[in-house]
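Biologist: Can you put the structure up? I'd like to go through some contacts with you.

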Amino acid sequence: MLSRRKFLGLTGGAAAVAVGGTAAWRAGVDDRVHDAGGPTTTAPSTSTSTSSAPAHPGRVLVVVQLGGGNDGLNTLVPAGDGRYYDSRPNLGIAEGDVVALPGTSGYGFNPALGALAPYWAQGRVGAIESVGFPGQSRSHFQASDTWWNASLDNTVRTGWLGRWLDAVGDPTDPLRAIALGSGSPALVGEKAQSTVVLDPTGFALSTPSGVDADGLSRAFLATSAPLSSDPVIAAAQGAVPGTIDAVAKLTPSLTDPPTENGPIEEGKLTTLLGVAGRVLGLGLGTQIIVVSVSGFDTHANEAAAHPALLTDLATGLDGFLRAVDAQGRTDDVLVMTTSEFGRRVVENGSGTDHGKASMALLAGGGVAGGQVVGQADLGALDEGDLAIGIDTRSMYAVALDWLGGPTDDLLGATYDRYGLLKT
Amino acid sequence: MDDRSAIAWLARRVGFGLGPGELDTLAAVGVSTVLDHLLDPDGHGVAAAPDPWRSLDLAGYDPQDNAGLLRRASVEAWLAAMFVTPRPLEEWMRWFWHGHFVSTLATVKDPRLMVAQLRTLGAEAMGDFRTLLRAVTIDPAMLVYLDGTDSRIGEVNENYGREVLELFALGVGNYAEDDVRAGATALTGWHVDRRDGTASFQPRFHDDSPQTYLGRSGVHDLDSVVDAIVAHESCAPFITAELSRAILGPEVDDGLVEDLAKGFADSGLQIRPLVRSILEAGIGGAGSTMVMAPVTWAVASGRAAGVGPDDLGRSLLVSLRNAGQVPMAAPNVGGWPGGRAWLTSSTTLTRVDLAGRIASKAADDNPARQAAASGDLAALADRLGRPSGFIPATADALSALHAGGDTGVGVLAAALSSPDLVTG
C-alpha cells in the first residue's frame, strides 16, 4: 500500500536555484513544444528586456474565464428593451424575474446572479456591456486565441498576462501566477513561469512505502539539470523545479483528494474560487490567478444549463469576496470575467449560437461598481450579433493599471478605461 | 534509426508502449515486418482485438440507477484494452480519432452512445475518410454532443455545422460563415431517441431547400454535405496535417505534409496508406521529440513495469483526471491541447505520483525492476523503451538514488517520471 505523505523535505532554496537555472530553456523551446506551426513573433509591443519591480506588489488580479462563450444578454438582461424579448421568445428572462439594477438604463441580472446584488448595491461589482475584440472570430479557438493574446495575429504566442509577468517582477517565480481548473494561454510569456492546478483535490503526491521519499524527490529534482540539447526534453526538465516548489507551497491551500469522485467532474467555479481565496491566504506573493471553467457553449438546453452556470459563478464570487474580506484584503483584489464571445441575439429554439460582443463583470474594493459601462444596442446588430462597443483591451487596460502597469506599453496603445476603477 | 530504435519509436507514437521482453521479440523480426503487422493485421494472421466493452452490461443502462458506474466502467474498459491489445495501431487510431472527432461523456451522458461512437471510430479508423466522416455526422453521441439532435427546420442549430468544417475536416479559414449556416440547414432533421440511443432521419423536421455550400449548389442533405466536404481542396491537407503532427510531432516539415496530402487525395482519402506513409517517414527520421500525453505515457509505463489496470485500481483513473486527460472527457470540442499542456505542474506532479504507484507494484522479476535494482541503467532505459539510454541528468540522478541503497522501486519510479520518459 502507499502511504500518503507530503512530497519532499527539500527547501525552497534548492528548488529556487534550479528554477533560476532553467530560465534559459524557454527561449529555444517554445517553437518545438507549442502546437501551432508558423514563426514566433513577439508581442504586439515588445516588452522591456529588463524586469522592473511591480508598482503595487500587494495587489491581485483574478480572471474568471467562462469558457464556451457566455450569453451576455441572458446574464446582464436588457429588460427594458422589447427587442430582446422579440428575439428570445423561449429563453428571454422575464422583466419581472430579473434582479433590477437601479441606476442603469433598464438592465437587470439574471436571477441566478442574485448573490451579487448586495455587492452591486455597495458599488463593489460593476459590469461592462458590449465588450469584445474588434474583428474577432465566431470560432471558439480563434476567438479564445485573440482574447488570450490580445491580438488578431495568430502567430503571437505570448498572452497578455504573460507579457506583464515578463516585464514586471521575477518572471521565473512560478507562484506569482496560478491557473486553476485548466492552464491559461493568457499566462504564457517569453520567460514567465506559472503554476497550473487542474484539479485542486488531486494536487498532491504519494510516495511508495519503503522508499526514501526525500531521496526520491532529490532524484526527481536532479533530473532537471544539466539541460539536454533536445529542446523538448529540456522543456520537460524545466517543468520539474517549479512543480516541486508549487507542491511544497500550495498543498496547504488544497483539500485532500476524495477518492469517490467520478472521472468526468469538471472544475466548478465555487470550488476553484474557494481555492483561490485560500491561495491568497498563504501569502506567497501570488499576483495573478486565472480560474477557468467551461460549459458556457449553450447551443441547446440553455434554459436549464445557463442559470446553473451563473449560480455557480455568483456563489463562487460571493464566497471569494467574503474570503478576501476576511483576510482584510478587500481593496487589494480585482476580479474580472472573460469569455471568448457572446451569443447570437436570436435564439435557435432551445439555445443560442456563437456571436460577437458579450458582457463582463468586475468586482473588488477598487472597482467603480454599481454601474453598467457600455450598452447592448439591439437596434444595430452586426450579422445578427451584438456589435462590439467596448474593446476587450479597455478591460485589460483596467486590469494592468490595477497591477501597476506599464499598461500602454504592454497593450501597444492607449485604451479608454471608462472610469472603471475608483480614482 | 536502427530497427530497435524504430520499433520503440513506433510503440511510443502509434501504440501504447511495450511489455516486458517485447522489444527483443519484435527487433528479432525486424521493423519492416513489424510495420506490416501493425498496418495490416488481418493479412498477417494477427489475432483479432476483442471489443473493449464486451463485458459491460450496456443494455442494462438505467440513467436513474447505474449511470455513473457504467460511465466509469466504460472508460476503464477502454484503458484496460490499451494495455493488452494485440493490434496497437488499430487501437491507437481509434484513440487518435477520438481526440479529433470529440464527444464527451459529460455532455452525452449515456455511455451506450459513447461506446457506440468509439466502436464506429474503431471500425472505420483506417478505412475510407468519407465513410468515417459520414458515420460521425449522424453518430448518436455526436448528434447529442454538438446538438444536431436539436436542429430542425426553422430552429437551425449551428454547432455541428461549424465544428465539422473548422475542426473535423477543413480547418479554420477554409470556409465562410455562410457555409456554416448552409451546412447546418442541410443537416436538419436528424434525431436521437434517448431511450434506445439510436439516430433517425425525420423528414418533417428537415429543411430540404437547396443550399450553396462550399461553392457547390444544390446541397440539401447528409450525403451532399459530406460529398462537398471531402471534395474540398482543404480536406486532404487538413487531415494529413492533423495525423502527421500527432505522429511525427508538431514541427513536421510543411513540404512533407504537402507530399503526404497529395498521396492521400490521390488515393481517394484512404487512411491506411496515409498512415503507412507517415510511419515510413518517421522511421526515416522525419519526426521530432514530443511530449507524451498522459494516457499513452501511463499505459506504456504500466506495461513496461508489468503492472496492469487491475493492479492500479482506481488510482489509474484518478491520476489521469489529475493529469488532465481522461478518455471520453476532452476539455472541449477541440480535443486535448497536447505539447506544453502536458508539462504543467499538475501533469508533472501526477506523473511522479503515478510512477511511484506503478513502480511499487512491479514484481521483483520484472526486467525493468531488476535493472533498476541492480543499477544497470543501460538495461533499464532499454527495457523502458529507450534503447539509446538516458540523458546525463537522469542517469546521474538514478545513479545517486541507487548508490543511496534504493531497492529498485525508487529508481524505477524516478526513471518512469524522468524527462526522458515523459518525452519521446
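Modeller: Here it is; keep in mind that this is a predicted model. One place to begin is A:Arg344, which forms a salt bridge with B:Glu158.

Biologist: How far apart are the closest N and O atoms there?

Modeller: The closest N and O atoms of A:Arg344 and B:Glu158 are 2.9 Å apart.

Biologist: How many salt bridges are there across the interface of chain A and chain B?

Modeller: The rule finds 3 across that interface. Over all chains, the structure holds 39 salt bridges.

Biologist: And how much area do the two chains bury between them?

Modeller: About 5400 Å², with 61% of it on carbon and sulfur atoms. Chain A puts 64 residues into the contact and chain B puts in 66 residues.

Biologist: What does A:Lys249 form a salt bridge with?

Modeller: Its partner is A:Asp245, and the closest N and O atoms of the two are 3.5 Å apart. Both A:Lys249 and A:Asp245 sit in helix α8 (residues 231-250) of chain A. They are 4 residues apart, about one turn of the helix.

Biologist: Switching to helix packing in chain B. At what angle do α16(B) and α19(B) cross?

Modeller: Roughly 20°, and their axes come within 10 Å. For orientation, α16 of chain B covers residues 294-305 and α19 of chain B covers residues 345-361.

Biologist: Parallel or antiparallel, then?

Modeller: An angle under 35 degrees counts as roughly parallel, so α16(B) and α19(B) are roughly parallel to each other. Their crossing is right-handed.

Biologist: Which residues meet there?

Modeller: From α16(B), B:Pro294, B:Trp297, B:Ala298, B:Ser301, B:Gly302 and B:Ala305. From α19(B), B:Thr347, B:Arg351, B:Leu354, B:Ala355 and B:Ile358. The residues of this contact of α16(B) with α19(B) divide into 7 nonpolar, 3 polar and 1 charged.

Biologist: How does α19(B) cross α23(B)?

Modeller: The axes of α19(B) and α23(B), residues 409-416, come within 8 Å and cross at roughly 140°. The two helices are therefore oblique to each other, and the crossing of α19(B) and α23(B) is right-handed. On the α19(B) side the contact is made by B:Ala355, B:Gly356, B:Ile358, B:Ala359 and B:Ser360. On the α23(B) side it is made by B:Val409, B:Leu412, B:Ala413 and B:Leu416.

Biologist: How many charged residues does the contact of α19(B) with α23(B) have?

Modeller: It has no charged residues; by class there are 7 nonpolar and 2 polar.

Biologist: And α22(B) with α23(B), how do those cross?

Modeller: At roughly 165°, with the axes of α22(B), residues 392-403, and α23(B) within 9 Å. That makes α22(B) and α23(B) roughly antiparallel to each other, and α22(B) passes α23(B) in a right-handed crossing. B:Leu398, B:Leu401 and B:His402 of α22(B) make the contact with B:Gly410, B:Val411, B:Ala414 and B:Ala415 of α23(B). By class, this contact of α22(B) with α23(B) has 5 nonpolar, 2 polar and no charged residues.

Biologist: Back to chain A, and the backbone. What kind of peptide bond joins A:Ala225 and A:Pro226?

Modeller: A cis one, with omega about 0°. A:Pro226 is in the loop between α7 (213-222) and α8 of chain A. The bond from A:Gly405 to A:Pro406 is cis too, with omega near 10°. A:Pro406 is in the loop between α11 (392-403) and α12 (407-411) of chain A.

Biologist: Last one: what is phi of A:Ser130?

Modeller: Near 65°, a positive value in a residue other than glycine. A:Ser130 lies in strand β6 (residues 125-132) of chain A.

How values were computed
Residues numbered from 1 in each chain as written. Chains lettered and ligands numbered in written order. Predicted model: local features only at pLDDT ≥ 70, side-chain atom pairs only at ≥ 80, totals over all residues. Heavy atoms only, no water. Axes fitted to C-alpha atoms, helices over the stretch in contact; angles between N-to-C directions. Parallel < 35°, antiparallel > 145°, perpendicular 65-115°, else oblique. Left-handed = near helix turned anticlockwise from the far one by under 90°. Contact = heavy atoms within 4.5 Å. Nonpolar A, V, L, I, M, F, W, Y, C, P; charged D, E, K, R; others polar. Buried area = accessible area lost by both parts, 1.4 Å probe. Salt bridge = Lys/Arg side-chain N within 4 Å of Asp/Glu carboxyl O.
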